[in-house]
Amino acid sequence: MSTPTTLEEIVSLAKRRGFIFPGSEIYGGLQGFYDFGPLGVEMKNNLKGLWWDWMTKKHDNIVGIDGAIITNPKVWEASGHIKSFVDPLVECKKCHHRFKADDINDDKCLDCGGPLTEPKMFNTLVPTELGVIRDEKTEAYLRGEACQTIYLNYKNVLDSIHLKIPFGICQIGKAFRNEVTPGNFLFRQREFEQWDLQWFCHPSEMERWFEYWKEERMNWYKSIFTHAENLGFYKHEKLAHYAKKAFDIEYTASPVGKEMEGIHWRGDWDLSRHSEYSGQDLSYTDPETKEKFVPNIVETSGGVDRAFLFLLLDAYTKEEDRVVLKLNPKIAPYKVAVFPLLKNKPELVVEAKKIYSDLRKEVSVAWDDRGNIGKRYYSQDEIGTPYCVTVDFQTLEDKTVTIRDRDTMQQERIAMDKILEYIKNK
Ligand code: ATP
């Protein structure tokens, strides 16, 4: 049995192999900010693409939007964030470190054991200023949660696309929070990305749709994680006043926090509040029964970066003489790697380059001609490339190549014009 994967192993691999870099690193970094590198952005785009297609193509009645990051500041009054998006904080009188009051058990500083202040309120919205003239600037906020732009556009979507309830609006977008204790790599950042579905339905149908989305979302995560047994639900006991129930989907094997996505019963809270604060009627009239009501909402709100981190933890496998990232091939940054057996044999290089260029038209392909074949396999295993194709002297005679499977390490000989079919059928 290998030892459990640590966060340090993932952080190190992520930087070394170009998945994730610490933000502003040459200036000493900035806590809570990260940049995605060449492999990270490919993997993240694959992941977001899967989510988007699953939402909008596999379900009737779901459409997407891409809302602005800055909204009219009144949005955050209506949403309750300006009043209640706060964490009571305590500060250590000795080392001046701050902590969430909820994390403290025995009134002592978690870092130095010093005495603590009384809890103080702190707003986690990130403020910004709009306007160029110093004294005439307007204060606004970077959105604290992406879903608000969905509520703001609910009526626009309804009027322009003519959907009938029940329907959903989905979005992938950035959110910003002045987290008190950013840390644990991608788990708690100050800038992160969320994928949200807001499902609008009749109040009498909330129970059914809540259960439906709870199961649907879990099944989706199970379809992309290698160890589905490490996914579970956490039931919230403390609920928002408008919620009947709330569940998190967790990655239970995480060495840091576990929450990946929240399934929330939002009732008519959001649309009613925005109606009240904007003075606009956001109710819905059923075209057949003519019943007028404020739609109720089931929300599924997940963290793209947390899913990314958990997928890396889930895939990272230590074997006797290699580290292999057993990522779902749909998510892996490269689908296949192509090598010429020997770098200094032009006839092999030419043939391999041809295969590389042809495959690139369809899938993402890595090229490697450094070191020996063993080292190249090791290198591709570590970044999760499902297949490696080698062009050797036999290729020149009979147009076949070897294709090696990342997980089984088995090699097969196949015709070079069948590579794409082979990869796609696996
Ligand atoms: P937490 O309790 O961990 O602070 P939350 O319950 O406040 O999270 P939500 O507001 O429900 O989170 O946001 C939906 C999702 O956004 C979360 O399930 C999580 O995956 C992601 N998320 C929230 N805060 C962060 C953060 N600071 N960094 C990265 N992802 C985050």
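A residue is taken as buried if 20 or more other C-beta atoms lie within 10 Å of its own. By this criterion, 33% of the 426 residues of the protein are buried. The model is a predicted one.

The C-alpha trace of the protein extends over about 75 × 65 × 50 Å along its principal axes. Its secondary structure consists of 13 helices and 22 strands. When contacts between residues at least 6 apart in sequence are considered, 61% of them connect residues at least 24 apart.

Three domains are assigned. Domain 1 is made up of two segments, 7–80 and 128–314. Domain 2 covers residues 87–122, and domain 3 covers residues 334–425. The centres of domain 2 and domain 3, taken over C-alpha atoms, are 56 Å apart.

The surroundings of the ligand were examined next. A shell of 17 residues surrounds the ligand, and the closest of these are Phe192, Gly262, Ser301, Gly303 and Arg306. Two or more shell residues are contributed by each of the strands β9 (191–201), β12 (259–267) and β15 (296–303), and by the helix α9 (304–315). Strand β12 provides the largest share, with 4 residues. In terms of residue class, the shell around the ligand contains 8 charged, 7 polar and 2 nonpolar residues.

Technical notes: Residues numbered from 1 in each chain as written. Predicted model: local features only at pLDDT ≥ 70, side-chain atom pairs only at ≥ 80, totals over all residues. Buried ≥ 20, exposed ≤ 12 C-beta atoms within 10 Å, placed from the backbone. Contact = placed C-beta atoms within 7 Å. Domains from an automatic or database assignment. Near = placed C-beta within 6 Å. Nonpolar A, V, L, I, M, F, W, Y, C, P; charged D, E, K, R; others polar.
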